[in-house]
Every structure is written in structure tokens, then in C-alpha cells.
There are 2 protein chains.
Amino acid sequence: MHTADLGLPVDVPSTALFTDQYELTMLQAALRAGTAGRRSVFEVFTRRLPDGRRYGVLAGTGRVLDAVENFRFDPDVLRFLRERHIVDAETLDWLAQYRFSGDIWGYPEGEVYFPGSPVLRVEGTFGECVLLETVILSILNHDSAIAAAASRMSSAAGDRPLIEMGARRTHELAAVAAARSAYVGGFATTSDLAAGFRYNIPTVGTSAHAFTLLHDNEREAFRAQVDSLGADTTLLVDTYDVAEAVRTAVEVAGPGLGAVRIDSGDLLLVAHRVRQQLDELGATGTRIVVTSDLDEYAIASLAAAPVDAYGVGTQLVTGSGHPTASMVYKLVARAESGAAGDDAAPLVPVAKKSSGGKTSVGGRKWAARRLDSEGHAEAEVLGTGPVPASLADRQLLVQLVKGGEVVAREPLDAARDRHTAARANLPLSATQLSRGEPVIPTEYWHEGSGS
Amino acid sequence: MHTADLGLPVDVPSTALFTDQYELTMLQAALRAGTAGRRSVFEVFTRRLPDGRRYGVLAGTGRVLDAVENFRFDPDVLRFLRERHIVDAETLDWLAQYRFSGDIWGYPEGEVYFPGSPVLRVEGTFGECVLLETVILSILNHDSAIAAAASRMSSAAGDRPLIEMGARRTHELAAVAAARSAYVGGFATTSDLAAGFRYNIPTVGTSAHAFTLLHDNEREAFRAQVDSLGADTTLLVDTYDVAEAVRTAVEVAGPGLGAVRIDSGDLLLVAHRVRQQLDELGATGTRIVVTSDLDEYAIASLAAAPVDAYGVGTQLVTGSGHPTASMVYKLVARAESGAAGDDAAPLVPVAKKSSGGKTSVGGRKWAARRLDSEGHAEAEVLGTGPVPASLADRQLLVQLVKGGEVVAREPLDAARDRHTAARANLPLSATQLSRGEPVIPTEYWHEGSGS
């Protein structure tokens, strides 16, 4: 049995409690009504991208697979549900035996998505699928929000590496998932040791202002750091006076000093001055790392500055203004009435229809990305029924779980590489930071619509 | 040994990896320089409140105490640090023996805070204190951001209960901590079963649109739900036509129907119509629950509507525009040079001094809340040195950890009650939702400043 890959440095036996109570009460009511076994199709999608964003980035799929695999109701959990009278005895018996046995399809991790894209499709009985809603949405909404911000930052940074250092600005376990998503979105390293431990992401870090303040003066602090970490370390030069610190740093470490870090002030101005000073001191190979409240716009504004790497914290782990991806998990089709348990029963498309908004398109959907004559993405095409021949080899959904078994595990680097490729395949305006519409439209395909 | 209270449904042996790498490399360099044993004082504070907010709400203190108590480097973690060459052998030996043995003082959980308030003060050797930075900030920054949003929502809701239902919009474990913080900030219940399991917060939930769509029509769905969950359940009435759904709901459940839930549309208008219809149908005791993308402003705008409870998701778990509290953990004082290991050595105040912003006030601080003649809070007064007699009984810091032992555990309800009392003691304008300055000023006390 695999352990739940929750980004924890320890194994967790179950993900079943990361669930809203109503999933269980719906199950109970459906069991009693005899409808819990109806074959059902749920899709995860977002009705819109965050305001002004040009594309979304799917992240968390690997964590979803682990969560589904470990979704079990152990005796402690069952006792809790019984003692709190959350569900009845029949439902508890059903839960004790629970194991997802259906199929899951989805966009592969790192892929881009647009409004309506069915980034995950969960198929099985109503009972077994409805239980997974909360944990699937938690993971995809969080991880995709971070990956989208990371992607914008990494395209703004170009070839310069990005360091994820936001652990202190978000929940301690969200931080681990955020480092993972940042890596998918193009970041190179993380400060978070748990992310290094759990996901093998390269970790970095040297010192903070506290280390300088611990010592009687900057020279003593720099000497202590260089003695211990070597001359190729990164010295933090903005505790007192930056110019004096840079001079001291090169005196202590020599011109082979690895890097200096600037964590405050007018980074554009200071980076230019520090570069000039380092060069004059012969430290031409010493890099400059900047780390002060950066977001994708600040990174872009430093493109012409002599900066070698960016460290990003708060704005990364909070999704740069959009901390959640607003994905929903909706029943889009179910077996015809009276056909419960019959896998061959025809599926009926279903959708909420009230006038108050939040409507969606029913039916089990395929998705394909149509390319223009130059091979760039031109439209996200969604449809029910047969896939038109022209789009057959552009389909986006791959099978992730088959009969309850995970069939599509992959290393995190695969998702990272896929994201780079998928983004490069979008129209050029995708990576403009300015606000705009989704960079390609979402089209619903109908017989004869010509796609 | 206590287990780490991470909001997990299972026990976690250690929190030591929820740490930025530089905490460990600073330790290594300080060990080598002979400065790791210098007595040090770190304080957690925020330089400013989120833009426009009138007060902050401290939450997460209880989780911090558990994290500190369980901050250990077990063999798996040490092996990881060794194999990745993150620290040297001497440091690994030191870490293997690590156990925080210092003192922690702080504002009690649920208390309000203002710019500069030293909401936590950690004292011990530099080495033992610096390691705790990341996990302490992760917890307080996340939990306090959620609690602040919860507090604004609960004051907007008045006596009407608030349901926390944001699990699906945030990381699955952040969700558990968010439910905990929401409870501290005044929410009554949560949808998140893990939060019920871990923190004994009352859980609620009945059904979603998927349950209605699973059935051939609304009547069948409502009947199935009432048959299983009883007439005092909450029926969701906005899948198709609201007026028809309300009629069907009362027909199926009878006038004793517990509640109806409205999850879309113009809530003000719809709530009035539904109330009138329910009353005409004799269901005068049936409550109305609304749950569509609410924040504190939407809640306030429904004050005159016949609404009985609010369910809040996205805006709660994302801090209603401010998903992190921007607290920092700063060395503010340390033993005089040459006095390493000597507990009696005088402390030297220290602070970053560069011109680029991010400066702070050095020195080990006390904090007190001065009251006006009517007993309302008038100023947050901070100082170093002796506490003036006039403020002696208004001090805010309490001892949480003494010689490494937690001395101030309390039930979550204590934090919740404290928050209600602390907020009520602020000037009335604190609970205005409009943007403004902190509702009381922060003053730094100097001998003769008259406080």
C-alpha cells in the first residue's frame, strides 16, 4: 500500500477525513433511496480564470492520485462518525469497506487549462465518487493557484533561476505543496526542507539578518559564515550599509564569493550599484540574489538589472492575488433511472439550471486543443459524444486511474517539463503580464460546428 | 510525549522539517564560531496590518506550542540532512539532541493585536531559537489571517451563526487549521470533518446540487433526503426553480422542515421571497441558510434580510483578500559578546538598520493595552525595561513555555471567548467594515512619556 503523499515528512494512513460532512450525508440518503449505486460522471473545471489571467496551470494531480488511493475509513474515523451521529449504521458499514473502484481521467499535471476545461473526470457509482469531492478540490484548487503564479513569475524571470521561499507565509503543510507547485511552474529550488525531503526538490539557504545581528559586527558575522559554509556562500548585505557590507564581504570571502543577497530597498538601483562595486573589487563572478516582496511584475521590472536569481515568498504562496483556483466538482452525467448498478445503462447529462448563475454544461466531455497552421494552440475544444477526426490526436484527457488502480504515476520533473512545453505552445501573448482574456477561447463542439 | 497537533487526523512525530534551510546553515556557522549559545530574544510582530484593517486577531498559538514541543530531528530527517550535505557532522550531532529548553511568552490566543505588538517572544540560545522561526511564522501567519477575516464576518453577522465551509478552496490541511481559526474568530460550525475530529468543532452538512441531479426530479431527491436525514434537515432549493423547490420541500418534509439553503442568485431578493413563501405554507419555523460567495460585506448587506445562517467558504479560507498576516520573527536582543552561555550576561538590543525599509525596534519588549476612562482600549503601549506602574495590570504577554515545558495549554473555547471579549473592549469603530487605520495607536513608552 502506498502512503498518502500529503507533503508530510511522515506517512499518513488516510485522507478520508479531508471531507465535507455533506458528502457523507448525501451518501447515506442515496444508500437508503437505492440511488447510491447509479453510475455517475463528475467533472472538475473552473467557470472562469482569475480576473485578467491568460491561462491556468493544472497542478496537484499527483497528490490527488495518492489521496484517492489512501481514501479509507479506519476504525478511529468510523468511531468518530458514529459517536457524533454523522451517519447511520448502514452507511458506516459501507464506509468501512470503501475503496474507490472507478476510473479517473484528467489533464496531465503541468498542462495549461481554460474556462470549462475538464481537468479531472471521476467515474464510478455516485457513492464512491461523491466522497472524493472535497479532497480533490482542496488539492487542485490550492496547487493550481500556486502553479499559475509560479508560471507567470518564471516566464517573467526568463533564464534566471527562481527560489521558492514562502514557507513562513502560509500553513506549514500548504507550504510543502506550494514548493511542489512552484517547481511544476518553473521554480528551480526551495527553502523548504520538507519539500526537499518529500519531493526531492533542490533546497537552498544560507543566512538571515539575525545571523549578522548575533555577532558584534558584520565582519565577524561574514567571517563566521564563510569559515563554515565556504567562500561560495551567499552573504546578506543589507543589515546596515550595503556598500560597506559588499566591501567587507569581498574582503572576508575573497573575489570568489558565491553571491550577495539584497533583501530591501530599491532593488533596481541597489543591484546596479552592487554589481559595479563587485566588479571593481574583482568579484566579477559573484552573483546577486534579490528577495524583497517580489511578484511577477517586480521580477519583470528587474529584467534589465544585473540580477542573477530571484527569491520569492509571499506572493508565490498566496497565488499572487489569487490564492485559490475556484475549480468545482460537478455531476455532469448519471445512469438512467432504474439502471442502478448496470454499467451498460445509458448516461443522462445533468446540470444545475436555476437562473442564479453557476450553471454548467452537462454531459461526459472530451477535450482537445486545436492548433493553428503554425502549430500553436488556437482553441480549447470541448464536446460530448464522438471526438471529431480532426481533433483525435489533440486530446487532452489521459487515464489516471483504472478500476481503482492508479495507472499514471510520473516523476515531478515530467510535470515541470510538460508545463514548459504547454506554455511555449500557447500564443505569444499568453506570457504578457498585463490583464486580458484567456489567451485562447473555449469552444463547445457540436456536430457540424466545423472544428 | 504529545503528538504534533497539526490539524491532522493522525499523529505526526515531528515538525522539524517545516523549516527553511537557512535556519540550519545559520546554526552550523554559529556553532563553529562559538556564538550559537548566546542568549537571544526573538519577537514575532507585524510592521503593519493589512491595508485598511482596524485590528489583527492572533490565532495559532495552541498549534505553535505543539509544534515546538514536537520539534525533533529523528533518524530519517538526520539521514536526509546528511545525504543532501545540508549541514556538517557537528551540526547533525547537535540536532540529534535538539529539544527547545527556553522560554516563550506571547499574547494569549484570540487576543487582538496591532502594528508592532510582540505577539510571541522566544528566548533561549541563538541556536535553539533560530530553528523555530519558520514553523512559528507559518502557523501564526496563516491562522491569524483566517481569524481576522472570521472576526470581521462574525461581527457583520451579529447573532446569526456562521458555518465554515471553505475546505475545498484551500490546501486540505490548511483547511483544518482554517476551521480552527474560524472558530476562534466567532464561527459556530464547520463542514470539515477533520476539524471536527481534531478540534471537536461542531460539524454540519446535508446535501449539494449533485444529490438533486442524481435523482429524476427534485421531489424524489427531497424525499430521499428527508427519509434518511429527517424533516429537520436542510434542503437545497436552487437547482432548478426556487419557488417550485420551496413548495415541493414543504410538501415533502411538512411545515416542520428544518431549513432551506440558497446557494446562488440575488440572495437579498430571494431570501425575502422564500421567507414569504415559507410563511404562507405554514413553515414559519423553517430557517433560511445562504451560502453563495459570501464575505463580510455581503453578510452585512444581508443584515435586514430574513436570513438565519451564513455559510462562508472561499473568502474565509483566503483571509478575505489578505491570506497571510505578514508577521516576522526578529532577533531583538542578545547577550553581550563574550558572555555566551552565561544566563546572567546583559542583553544588547539589536535591529536591522539599513535604509531600505524593514527596520524594527530592538530590545526585549513588554506590551500593555491602556484603557480610557470608560474602560475601552485606548492605546497599545510597548516598551523595554521596567513596566510603568500604571500599566502593570494591563500587560498582554503571558508565559506559554518555561524551560522548554508548555505551561499554558487551554481549550479552544477559551481562545474563542477571549476574542469576543477583546474585540468588545475595542472602540466601537473597530467593527466598522470600512477601511481605516488601526483602531488604536501603537505607542512606544519611554521614561517620562506619561503613559
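**Note on the predicted two-chain model**

1. UniProt, in an unreviewed entry, places the feature "domain: Nicotinate phosphoribosyltransferase N-terminal" at residues 17-141 of chain A. The model discussed here is predicted.

2. The domain assignment of chain A gives domain 1 as 21-145 + 322-444 and domain 2 as 156-321. Taken over C-alpha atoms, the centres of these two domains are separated by 38 Å.

3. Contact between the domains of chain A involves 19 residues of domain 1 and 21 residues of domain 2. Together the two domains bury about 1,600 Å², with 56% of it on carbon and sulfur atoms. On the domain 1 side, A:Leu412, A:Arg416 and A:Leu433 lose the most area to domain 2, together 42% of what that side buries.

4. The count of salt bridges between domain 1 and domain 2 of chain A is 1. A salt bridge links A:Glu109 with A:Arg180, where the closest N and O atoms are 2.7 Å apart.

5. Chain B contains an open sheet of 6 strands in the order β7-β6-β11-β10-β9-β8, with parallel pairing. Strands β7 (189-190) and β8 (234-236) stand at the edges with a single partner strand each, so one side of each has no neighbour in the sheet. In chain B, β8 pairs with β9 (residues 259-262) over 3 bridges in the parallel sense; B:Leu235 has B:Val260 in β9 as its bridge partner.

6. Chain B is superposed on chain A by a rotation of 180° with 0.0 Å of shift along its axis (RMSD 0.0 Å). This is the relation of a two-fold axis. The copies meet through the same surface, because 100% of the interface residues of chain B are also interface residues in chain A.

Technical notes. Residues numbered from 1 in each chain as written. Chains lettered and ligands numbered in written order. Predicted model: local features only at pLDDT ≥ 70, side-chain atom pairs only at ≥ 80, totals over all residues. Heavy atoms only, no water. Pairing = 2+ DSSP bridges. Helix = DSSP H or I, 4+ residues; strand = E, 2+ residues; numbered from the N terminus. UniProt positions renumbered as here; feature names shortened; annotations may be inferred. Least-squares fit on C-alpha atoms with pLDDT ≥ 70 in both. Contact = heavy atoms within 4.5 Å. Domains from an automatic or database assignment. Buried area = accessible area lost by both parts, 1.4 Å probe. Salt bridge = Lys/Arg side-chain N within 4 Å of Asp/Glu carboxyl O.
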